[in-house]
Amino acid sequence: MNKVIVVGGGAAGMLAALGAARGGAMVTLVERNEKLGKKVYITGKGRCNVTNACDAERFRAHVVKNPRFLFSALNAFSPDDMMELLPSLGCPVMVERGDRVFPQSEKASDVTKALERELVRLHAQILLNTRVSGLAAQTGHILGVTTMEHGFLAGDKVILCTGGQSYPTTGSTGDGYGWLQSLGHTVYPPLPSLIPLTSGADWVKELQGLSLKNVRLTLKNGKKTLYTEIGEMLFTHFGISGPLVLSASAYLAELDSYTLTLDLKPGLTAEQLDARLLRELDASGKKQLKTLLCSLYPARLAELMPALCAIPPETQANEITKEQRARLVQGAKALEIPISGTRPLSEAVITRGGASVREINPATMESKLISGLYVAGELLDVDALTGGFNLQIAFSTGVLAGRAAAE
Ligand SMILES: Cc1cc2nc3c(=O)[nH]c(=O)nc-3n(C[C@H](O)[C@H](O)[C@H](O)COP(=O)(O)OP(=O)(O)OC[C@H]3O[C@@H](n4cnc5c(N)ncnc54)[C@H](O)[C@@H]3O)c2cc1C
């Protein structure tokens, strides 16, 4: 019977421990916090969007970095498997808009409780309040881990599930990165992803609190479109946020030059919008432009639009030239939002970067450099969009590592 040590009791660690214990291993799950799954508790605004009820192909389409690495993991433990596992452990689930899956109780804590109950039933040892301080390996083979509270813990296999570096108060402080590097692994720098964006533009800050629905956000690098989607976004005191912005941020990290544009009227072509503007201008006589634009935009945006299109706001409808009308159409269909960067990593939903997947066997999650060492979850250089995909990546890679380590 293999003695398997799982480091980190988050989403990946709980499932790795479960996979190993069900595979017949003697499991010790080591967690630095006073409880398991502290980050799981805050997922999905406390409701935990636990997975996405889609097939493997659609799943991989939502994975931004290294989707192909997940073939075996998603095959070994799919979203369907997660949707069967939770109810079997007393936590029924429901599917919402966008195939997002939540516990029926709408309590993230019920997900962790269900998994913890199963670990206890399987006699996995759970060491809480125990922080691993390093890994011990000799001649390319893992020997165990050192802890601050219990000294050296010997293990035949060690599964690293210490997560990324976002929301560090949940315990994810990036401890795994340094250990992997010291054992020769390549670790890409941790960067924020699924994160609000900052802007230095005064007009963006002036709109703080304004939320826009049914707009299209497009991110481009030169002529290449990296992201384009219709949905919701929000102006804030530092820049922009909301679902569209978080998703777009997943494509930003490694780019040096990009443009972010907003189509405020995605349901109309430029020609249709121009025709509508012409009609309204003709019918509005001496009405000021900013007043007229209130029929197209929320009042605060209507107030700013003339200046953003280089037209004096007091200009009357019957004074608008053809060129100015063209600028109004351009402003509506492709309003550029100047971006200065992202909010800090500590505020990111996930961490981009991490352990290079080239040095991990995708069929087992075992390190190709150190035998007996496995890596799962957000610590890997794999990341996805919102919708339950990131937790499922942690679950799938965790289960696969646990099963392989038990063999
Ligand atoms: C606010 C927020 C909302 C989110 N909502 C969703 C959502 O609804 N759906 C979704 O799919 N994803 C969501 N995510 C992302 C998701 O939570 C993560 O991708 C996922 O938790 C990663 O799992 P993990 O096990 O790899 O890492 P983590 O969950 O971060 O777990 C790592 C664990 O390792 C422990 N640890 C770290 N270092 C040590 C050490 N030295 N010794 C012992 N233990 C250690 C930590 O305490 C922690 O418990 C959200 C993230 C955030 C921040």
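Student: Which residues does the domain assignment of the chain give to domain 1 and which to domain 2? Then please look closely at the helices around the ligand.

Tutor: The model is a predicted one. The domain assignment puts residues 3-191 and 351-406 in domain 1, and residues 196-342 in domain 2. The C-alpha centres of these two domains are 41 Å apart. Contact between them involves six residues of domain 1 and six residues of domain 2. On the domain 1 side, three of the touching residues are nonpolar, one is polar and two are charged.

Now the ligand. It is surrounded by 39 residues, the closest being Gly8, Gly10, Gly163, Gly171 and Gly377. Helix H1 (11-22), helix H2 (38-42) and helix H14 (389-406) are the elements that each give two or more residues to this shell. By class, the shell has 16 nonpolar, 16 polar and seven charged residues.

Two of these helices, H1 and H14, can be examined as a pair. Their axes come within 7 Å and cross at roughly 30°. Angles under 35 degrees count as roughly parallel, so H1 and H14 are roughly parallel to each other. The crossing of H1 with H14 is right-handed. On the H1 side, the residues that meet H14 include Ala11, Leu15 and Leu18. On the H14 side, the residues that meet H1 include Leu391, Phe395, Val399 and Arg403. Sorted by class, the residues of this contact are 14 nonpolar, five polar and one charged.

Note on methods
Residues are numbered from 1 along each chain as its sequence is written. This is a predicted model: local features need pLDDT of at least 70, side-chain atom pairs count only at pLDDT 80 or more; totals for chains, interfaces and linings use all residues. Domain bounds come from an automatic or database domain assignment. Two residues are in contact if their C-beta atoms, placed from the backbone, lie within 7 Å. Ala, Val, Leu, Ile, Met, Phe, Trp, Tyr, Cys and Pro count as nonpolar, Asp, Glu, Lys and Arg as charged, and the others, Gly among them, as polar. A residue is near a molecule or strand if its C-beta atom, placed from the backbone, lies within 6 Å of it. Helices (H or I, at least four residues) and strands (E, at least two) are DSSP runs, numbered from the N terminus. Axes are lines fitted to C-alpha atoms, for helices over the stretch in contact, and angles run from 0 to 180 degrees between N-to-C directions. Angles under 35 degrees count as roughly parallel, over 145 as roughly antiparallel, 65 to 115 as roughly perpendicular and the rest as oblique. A crossing is left-handed if the near helix is turned anticlockwise from the far one by less than a right angle, and right-handed if clockwise.
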